[in-house]
Amino acid sequence: MAGQLFNRLATELRASRPVAIATEVDGPHPGAKILVGTSATPAEPTVQGSLGNPDLDRVVARDSIGCLELGQNEIRHYGSRGEVNQQDLTVFIEVFAPPPRMLIFGAVDFTAALARIGSIMGYSITVCDAREAFATRERFPMADQVIVDWPHRLLEQIEQDPQTKSLGNRDAICILTHDPKFDVPAAIAAFSTEVGYIGAMGSRSTQQKRQRKLIEAGATHEDLGRLHAPIGLDLGARTPEEVAVSIWAEIIATHTGRNAPNLRDASGPLH
Amino acid sequence: MRELLDDLERWKEAGHEIALARVVDVEGSGPRAPGATMAVNGAGEVLGSVSGGCVEGAVITEALEILRTGERRMVSFGYSDDEAIEVGLTCGGTVHLFLEPLDW
């Protein structure tokens with residue numbers, strides 16, 4: 001028995017499969033736990049271990065799947081047979097969702113810096129460029145994937161392939177090509193996804209021209225509102241590394257819904 | 001815990017007894033969110049953290065105790081506790097940790 005749940009957890013994490021551990025932290029059997037994984041039928045998660053009662057296991061497994069979908073760790077109270085309005089025991093549900101994804105379109109110097117910080121941020125990074133000479137493994141060893149293709153084709157493939165999960169709120173797309181030939185179809189394809197952040201690099205004049213072309217290509221007012229362009233926060237960044245920090249800072253602020261002023265100039269809680 | 005995986009496996013292979021301390025709940029302002037994990041082995045070596053450095057010293061003591069007794073329990077650190085003067089979060093919040101041996 002000893003080590004079985006941990007070994008399974010390690011296997012699932014290495015395979016980037018979503019998994020949750022629910023541990024009784026207060027109640028009759030502190031430390032009792034189940035490991036919950038997703039299966040082909042989402043209504044029937046795979047469960048290993050036990051919290052001491054089959055009904056409780058079933059209810060906690062169901063709640064663990066809910067937490068996995070939200071990507072959120074939670075503390076919950078249950079009755080000894082899983083009753084939701086009772087407080088016999090307290091369970092901590094810890095989720096290990098696959099890492100969020102960042103797709104970087106354009107294999108330029110800024111790409112390497114953005115990808116390097118992205119790995120530190122815990123993202124799975126894909127670099128995509130249609131130009132074979134630029135999109136090489138040697139130039140982007142820190143990326144999880146380097147793909148030679150048109151960005152819009154890659155996006156279509158991700159969204160349509162049943163094997164890959166569609167892009168969601170935690171994911172990000174950065175368009176760094178500054179060539180309308182690549183940028184415009186990439187941005188149009190990005191608008192059709194549910195991705196949480198879309199940024200495009202370029203000066204204000206590049207962005208004005210790009211915006212006209214996007215409207216011609218059918219982008220709506222709402223689509224354009226989703227586009228962070230010029231990309232990044234106003235940090236005065238110049239080097240690829242500084243620009244990468246400003247882009248990551250903008251992504252964090254987008255997720256938290258903050259305006260990103262200085263903390264010392266604001267009031268209220270930090271988190 | 002994901003970030004500790006490689007080191008935890010190394011410790012297990014080396015035959016260390018390991019205690020895990022995980023943040024399971026935070027009230028008010030706390031530096032680390034639920035899920036933050038710290039591991040302590042029988043030799044007193046430490047991986048990870050559960051706060052900004054405020055309570056880690058006390059967690060090592062508790063973890064070594066857990067390794068000795070095999071107990072599993074919640075431990076809380078916060079401004080409202082009596083021991084806050086000695087050990088607590090300087091940010092004023094309360095953090096609830098669950099400590100257990102990694103024998104599962």
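A polar contact is a pair of N or O atoms within 3.5 Å, where, within protein, one atom must be able to donate a hydrogen and the other to accept it, and residues adjacent in sequence count only if both atoms are side-chain atoms. Between chain A and chain B there are nine residue pairs in polar contact, both residues being at pLDDT 80 or more.

The model is predicted, so that local features need pLDDT of at least 70 and side-chain atom pairs count only at pLDDT 80 or more, whereas totals for chains, interfaces and linings use all residues. Residues are numbered from 1 along each chain as its sequence is written, chains are lettered from A in the order in which they are written, and side-chain values use heavy atoms, with hydrogens and water left out.

The contact (heavy atoms within 4.5 Å) takes 25 residues from chain A and 23 residues from chain B. Four salt bridges are counted between the two chains, a salt bridge being a side-chain nitrogen of Lys or Arg within 4 Å of a carboxyl oxygen of Asp or Glu. Lys33(A), Glu94(A), Arg22(B) and Glu100(B) are linked in a network of salt bridges, and the whole structure holds 22 salt bridges over all chains.

| Pair | Distance |
|---|---|
| Arg14(A) and Asp6(B) | 2.5 Å |
| Glu74(A) and Arg76(A) | 2.9 Å |
| Arg153(A) and Asp149(A) | 2.8 Å |
| Arg73(B) and Glu62(B) | 3.0 Å |

Asp149(A) is buried at 14% relative accessibility, while Arg153(A) is partly exposed at 46%; buried means under 20% relative accessible area, exposed over 50%, and partly exposed in between (1.4 Å probe, protein chains only).
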